[in-house]
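Morning, everyone. I have one chain to walk through today. Please bring it up on the screen.

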Amino acid sequence: MKIVQLASSVFPITMGGIERHCHDLSTALVRTGHEVEIFTVRGRYKVDAEGQVSLIEKAGHPKILTALLTANNKIAHIHGWGNLPFG
């Protein structure tokens with residue numbers, strides 16, 4: 001299943017609780033066979049089954065929001081909506 005997560009930033013780049021939770025959840029989902037991307041205000045990231053974070057696309061939030069809305073995702077999981085500049 002294709003899953004996208006939204007967070008204000010991504011662990012280990014930022015060390016907060018939301019970022020850590022999003023990272024750990026993404027890693028676990030990848031290990032069970034899902035395709036996971038994390039969208040942040042700075043870009044799109046992938047987390048592999050070992051927990052390594054890689055940047056897919058660096059962009060500001062308008063471009064990321066457009067990518068999110070046009071992607072063929074099955075689930076969108078939003079972390080800390082009040083911290084995101086989208087709403």
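I'll go from the overall layout to the sheet, then to a few residues and the cores.

Ground rules first. This is a predicted model, where local features need pLDDT of at least 70, side-chain atom pairs count only at pLDDT 80 or more, and totals for chains, interfaces and linings use all residues. Residues are numbered from 1 along each chain as its sequence is written, and side-chain values use heavy atoms, with hydrogens and water left out.

Now the layout. The chain holds two helices and five strands. Those are DSSP runs numbered from the N terminus: helices are H or I with at least four residues, strands are E with at least two. Read from the N terminus, the order is β-α-β-β-β-α-β.

Some totals. The chain has 87 residues, and 39% of them are buried. Buried is under 20% relative accessible area, exposed is over 50%, and partly exposed is in between, with a 1.4 Å probe and protein chains only. The accessible surface is about 4,900 Å². Carbon and sulfur atoms own 55% of that surface. Areas come from the Shrake-Rupley method with a 1.4 Å probe, and for residues only the protein chains shown count as cover. Residues 24 or more positions apart account for 52% of them.

Next, the sheet. What is the order of its five strands? The order is 4-3-2-1-5, the sheet is open, and the pairing is mixed. Two strands pair if DSSP finds at least two bridges between them. Strand 4, at 53–58, and strand 5, at 75–78, are the edges, and each pairs on one side only. From one strand to the next, the twist averages 25°. For the angles, axes are lines fitted to C-alpha atoms, for helices over the stretch in contact, and angles run from 0 to 180 degrees between N-to-C directions.

Let's go pair by pair. Strand 1, residues 2–6, runs parallel to strand 5, with four bridges joining them. In that pair, Gln5 sits opposite His77. Strand 1 also pairs with strand 2 in the parallel sense, over five bridges. There, Leu6 faces Phe39 of strand 2. Strand 2 then pairs antiparallel with strand 3, residues 43–47, through three bridges. Phe39 has a bridge partner here too: Arg44 in strand 3. Three residues separate strands 2 and 3, and the two form a hairpin.

Why is strand 2 described as largely enclosed by the rest of the structure? Because four of the five residues in strand 2, residues 35–39, are buried.

Now single residues. Start with Gln5, in strand 1. Is Gln5 buried or exposed? Gln5 has 0% relative accessibility, so it counts as buried. Its side chain makes a polar contact of 2.7 Å with the side chain of Ser26. A polar contact is a pair of N or O atoms within 3.5 Å; within protein, one must be able to donate a hydrogen and the other to accept it, and residues adjacent in sequence count only if both atoms are side-chain atoms. Beyond neighbours within four places in sequence, the contacts of Gln5 include Cys22, Leu29, Ile38 and His79.

Compare Ile75, in strand 5. Ile75 has a relative accessible area of 38%, so it is partly exposed. Setting aside neighbours within four places, Ile75 contacts Met1, Lys2, Ile3 and Val4. Ile75 and Gln5 are 70 residues apart in sequence, yet 8.2 Å apart C-alpha to C-alpha.

On to helix 1, residues 17–31, which holds Thr27. Thr27 is at 7% relative accessibility, so it is buried. With residues up to four places away left out, Thr27 touches Val47, Asp48, Ala49, Glu50 and Gly51. Val30 is also in helix 1.

Last, the cores. A nonpolar core is a set of buried Ala, Val, Leu, Ile, Met, Phe, Trp, Tyr and Cys residues joined through side-chain atoms within 4.5 Å. Which six residues form the largest one? They are Ala7, Val10, Cys22, Ile38, Tyr45 and Val47. A second, separate core has five residues, among them Val4, Leu6, Phe39 and Leu68.

Methods
Contact means heavy atoms within 4.5 Å.
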